[in-house]
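Please examine the structure shown below. The paragraphs that follow lead through a pair of strands, the sheet around them, a loop residue and a helix.

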Amino acid sequence: MPGAAVSVAFLLPLFLSVAAAAAAGMDPVEREALMLVMEAVSSDRDWRSAAGPDPCSAPWPGLECKPVPPGAGSAAARLHVARLDFGVAPNPTCKDTAAFPHHAFALPHLQSLFFVDCFKNPATTTPFTLPPSANLSSSRLQQLSIRSNPSLSGTLPPQLTSLSYNSLTGPIPSRIGELRSLTGLDLSYNSFSGPIPSKLGELSLLQKLDLSSNNLTGGVPSSITSLTSLTFLALSNNGLSGHLPAGLSDLRDLQYLIMENNPMGVPLPAELGNITRLQEIRLANSGYSGSIPETLGLLASLTTLSLEKNNLTGRIPAGLTRLKRMYHLNLSKNELDGVVPFDAPFLRRLGRNLDLSGNPGLCVDDRVVVQDVGVGVCRLGGDGRDSSSAAERSVGTLLFKDDAMLMLRLTGGLLSALLRQVTVALCCCCGCLLLL
């Protein structure tokens, strides 16, 4: 059959390519680097004898291999080490004397390297070191996650993506901007100090940046606005201060802005309302002053707004009521005043996820009283203004106007029926006839 012959002729080169890949085996230099990594970290098995000449032909859990893309300069088709995972079953566990395997950076096609709960022997401090010849520009590494390793210490090496929950110190090196392939950078829960390097703005592919819970100081660099792929930005629990950079609206894909517990000490920027994809804004306990920007009412995707423990003043923007996806709102412990503008459906939807307490000047309209929001009922004086003091206000029960009217109608109906029965009884006793 001519069609079958054509199909065989077409598929034959593919079969030959696969066979060549299997026969080629792993490059000896790459295999030796892999063995040095495994021996430095894990003693689960005799890695050299278990791996065979080509570890990628029968990879163990935690080892992932991929073929070299066409045109990558390989003389023969081979599978190469692309990802290594350690510390969490079924991946290789880490021995008590595990050392950070700087040989991993000699694996020419490694893209991802993960250590979770690995370096944790309290009697041994594991230094975080790299070979001095490490070449950032040629590294293919996209993800380096080193999380929850309490015995890992030292200064920050430039090749990284996730190094959270360790004991790393010193400044964040500006050379990190040379890792142009990074899509995520997590340095949270360490002891890094100094400013945020402006070179971070050169990581154009970065989608997640988490520098929270360190000792960083200074302002947020304007170069952050160049990270147009960013979806997650977390800078909480540092010593950052000053204005957020102009041009924040350039972060069109940003969905999470988390910057709690920083001594910012400035007004909230109205430009926040132009980042249309924002879902969470957490800026609590950061010394923000002035009013809450009206533009926040434009964030149709917003689900969480936490602005508690600041110095915010003025009225609550009525536009927040229009945010149909909002389910968590905390404006407590500020200096807000006036009548709370939220309607009954908004208050019902948020329930206990709404906290307005600690604002002595706030009150709710007497037409709608809610429970556990920390605000009392407005008592209007002759001039139409709220004349009640904080001491006079009390929080009502969960009772809305429509519900109250319904209760009134039901009560009236019961009273009318009762009066009719009493009248009939009296007439029977007196021998009279009364048509009702």
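**Strands, a loop and a helix**

In this predicted model, strand β12 (residues 232–234) pairs with strand β14 (residues 256–258) in the parallel sense, over three bridges. Within this pairing, Phe232 stands opposite Tyr256 in β14. Strands of a sheet pair through backbone hydrogen bonds, in either a parallel or an antiparallel manner.

Both strands belong to an open sheet of eight strands with parallel pairing, in the order β8-β10-β12-β14-β15-β17-β19-β21. At its edges are β8 (184–186) and β21 (354–355), each of which pairs on one side only.

The loop between β13 (239–240) and β14 contains Asp250. Is Asp250 buried, exposed or partly exposed? Its relative accessible area is 33%, so Asp250 counts as partly exposed, given that buried means under 20% and exposed over 50%. Leaving aside residues up to four places away in sequence, Asp250 touches Thr225 and Thr228. A distance of 9.8 Å separates the C-alpha atoms of Asp250 and Ser229, which are 21 residues apart along the chain.

Helix α2 (residues 28–41) has 14 residues, which should span 20 Å at 1.5 Å a residue; the C-alpha atoms at its ends are 20 Å apart, in agreement with that expectation. The buried residues in α2 are Glu30, Arg31, Ala33, Leu34, Met35, Val37, Met38 and Val41. An α-helix has 3.6 residues a turn, so residues three or four places apart point the same way. The elements covering the buried residues of α2 include α3 (47–51), β2 (79–86) and β3 (112–116).

Terms used: Residues are numbered from 1 along each chain as its sequence is written. This is a predicted model: local features need pLDDT of at least 70, side-chain atom pairs count only at pLDDT 80 or more; totals for chains, interfaces and linings use all residues. Side-chain values use heavy atoms; hydrogens and water are left out. Helices (H or I, at least four residues) and strands (E, at least two) are DSSP runs, numbered from the N terminus. The expected span of a helix is 1.5 Å times one less than its number of residues. Buried means under 20% relative accessible area, exposed over 50%, partly exposed in between (1.4 Å probe, protein chains only). Contact means heavy atoms within 4.5 Å. Two strands pair if DSSP finds at least two bridges between them.
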